[in-house]
Amino acid sequence: MPIAIQDLTGVFNFDPTNGDDLSVDAGFIPQANIGNYVWSDLDGDGVQEDGEPGIEGVLVYLIDGITGDTLRSTTTDVNGLYLFTNVPQGSYQVGFDVSGVSGNYVGTIQNAGGDDNVDSDADSNTGLTGVFNFDPTNGDDLSIDAGFISPCDILPLSATIPCDIDGFSDYCIPVAYADIFNYDIYIDAEQYFNLPFICDLDTIGGYDFTTAINQGAYGGSIHRLLQWTVNGTLYNLNRLYTDFSELELVMDSLDALGNWTTIGDRIEGGLISSNYGPIRIFHPELGAISITEYNQNIFSRGSLIEVPQGCHWVTLVNTQTGCTDSVYVCTDCLPTPDTIRVTIPTDSLDTICVTLEEGFGGGDITYSLCDRTLSGTGNFGSYIVTAAGCLIYESDSISGIDTVCVIACDASLGLCDTTIIIIEVVPPVDTIRDTICTTCTDTICLDNDFEPGVITTTTLCDGSTSESGTIANIEVLANGCVG
């Protein structure tokens with residue numbers, strides 16, 4: 001194996017008669033690598049996630065942590081990776097410069113998320129990491145990363161919108177439908193592939209002369225405006241003009257509130273509440289008259305996407321400029337109240353547990369009564385709500401109906417689920433066992449559990465007062481006993 005020149009000592013003379021020479025030594029400085037990743041933080045949360053790409057061409061500096069001198073520099077590769085090799089022990093900083101990268105990048109949140117392997121270590125303003133100690137004997141340090149965002153400044157900071165019955169919300173991105181295809185859309189860093197729909201519609205009226213021009217009915221260097229009808233008034237003008245800007249001035253003089261504007265071969269404007277008739281124009285050089293009707297076009301100033309229930313980051317990435325912008329969208333899906341009906345005897349204890357709607361139950365659930373207390377007293381019993389979402393109801397000795405409202409709130413979703421519990425307190429069903437001989441007669445009297453002074457009527461359970469059974473005849477007596 002060839003010996004590298006840096007591994008050689010100087011030439012020296014060795015005389016064995018002088019004995020051993022144990023003074024030829026070599027010292028080595030431990031070295032390792034520092035890296036490693038610069039990425040586009042699409043949702044701006046400061047944490048590396050699937051679907052967030054690396055940034056190529058970022059200039060990275062290795063800086064002496066004591067003197068501040070730049071020791072080395074490199075650039076990130078096509079995957080956003082960089083590496084400083086064979087770095088000795090010492091104190092260092094790493095600096096990141098995105099000024100040479102196309103796109104308007106700024107630093108993302110520093111040290112977010114608590115995991116140094118997937119966060120951004122660079123200060124969002126200076127692009128520098130903090131000073132850190134590097135010990136090569138511990139191996140490579142590949143945790144020095146930097147995340148950047150490229151803001152487009154087109155989205156609000158947050159939005160709250162109602163959800164549909166299917167648990168989704170329609171969010172109108174404030175980007176015209178004609179322009180939305182210049183952007184990649186992400187929801188929580190996962191690309192949105194559904195086709196957006198139109199929203200935030202705007203009606204624009206005007207006169208489009210393109211067809212007349214293409215058919216040769218409009219042309220020449222001079223034109224005569226013959227007639228124009230506005231709100232039923234016919235103007236016979238015979239006004240000469242040379243181009244659309246002069247025609248626009250004539251129209252503004254007759255309909256000042258129309259705010260007419262020339263856009264190419266079209267003059268746009270007019271009030272939606274007004275009634276505009278056709279414009280008749282004579283072209284002397286062509287010997288032709290063009291008649292152009294007023295028309296209205298509906299344009300979409302927004303682009304509609306569906307956002308799942310809960311709160312999510314919606315991010316736009318401009319495929320031409322690389323700029324990004326994000327909005328935190330929360331769906332306001334109010335759960336429908338559930339109703340539970342139970343029947344319990346007087347002077348008894350029962351436990352009724354609520355069932356959460358789909359999507360709830362992530363571990364941050366708290367239960368209470370709908371007035372945010374944990375206990376209450378109704379007309380016919382008292383009750384408490386447990387941490388497990390159960391209502392413990394203790395009935396009194398009087399029968400009747402109590403209605404209790406229990407609410408379960410999911411802190412992670414920011415939503416609450418309501419359950420209405422209807423409790424009917426009824427007298428207990430008593431059982432009396434009696435033994436009589438064949439051909440014998442017996443009388444059984446019932447205890448009255450009702451309050452004194454309450455008039456009661458005793459019947460069989462089907463409402464009758466007598467019944468012929470298979471082994472005996474039964475009759476309800478006037479005193480309330482059964483014979």
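**Figure 1. Asp200, a partly exposed residue in a strand of the predicted model.** Asp200 is partly exposed, with a relative accessible area of 40%, where buried means under 20% relative accessible area, exposed over 50% and partly exposed in between, for a 1.4 Å probe and protein chains only. Asp200 is found in strand β13, residues 197-208, and has a positive phi of about 50° although it is not a glycine. Strands (E, at least two residues) and helices (H or I, at least four) are DSSP runs, numbered from the N terminus. In this predicted model, local features need pLDDT of at least 70 and side-chain atom pairs count only at pLDDT 80 or more, while totals for chains, interfaces and linings use all residues. Residues are numbered from 1 along each chain as its sequence is written, and side-chain values use heavy atoms, with hydrogens and water left out.

**Figure 2. Asp347, an exposed residue in a loop.** Asp347 lies in the loop between β23 (338-345) and β24 (349-353), and is exposed, with a relative accessible area of 56%. Although Asp347 is not a glycine, its phi is positive, at about 55°.

**Figure 3. The cis peptide bond between Gly35 and Asn36.** Gly35 and Asn36 are joined by a cis peptide bond with an omega of about 25°, and Asn36 lies in strand β1.

Figure 4. Gly95 is buried, with a relative accessible area of 2%. Leaving aside neighbours within four places in sequence, Gly95 is in contact (heavy atoms within 4.5 Å) with Leu59, Val60, Tyr61, Ile63, Gly127 and Leu128. The C-alpha atoms of Gly95 and Cys163, which are 68 residues apart along the chain, are separated by 45 Å.

**Figure 5. The largest nonpolar core and the contacts of Val58.** This core, a set of buried Ala, Val, Leu, Ile, Met, Phe, Trp, Tyr and Cys residues joined through side-chain atoms within 4.5 Å, has 22 residues, and those with the most contacts inside it are Ile34, Val38, Val58, Tyr82, Val94, Phe96 and Phe148. Two or more residues come from each of β1 (31-40), β2 (59-64), β4 (84-88), β5 (90-97), β7 (132-134) and β8 (141-149). When residues up to four places away in sequence are not counted, Val58 touches Val38, Thr74, Thr75, Thr76, Phe96, Asp97, Val98 and Val101.
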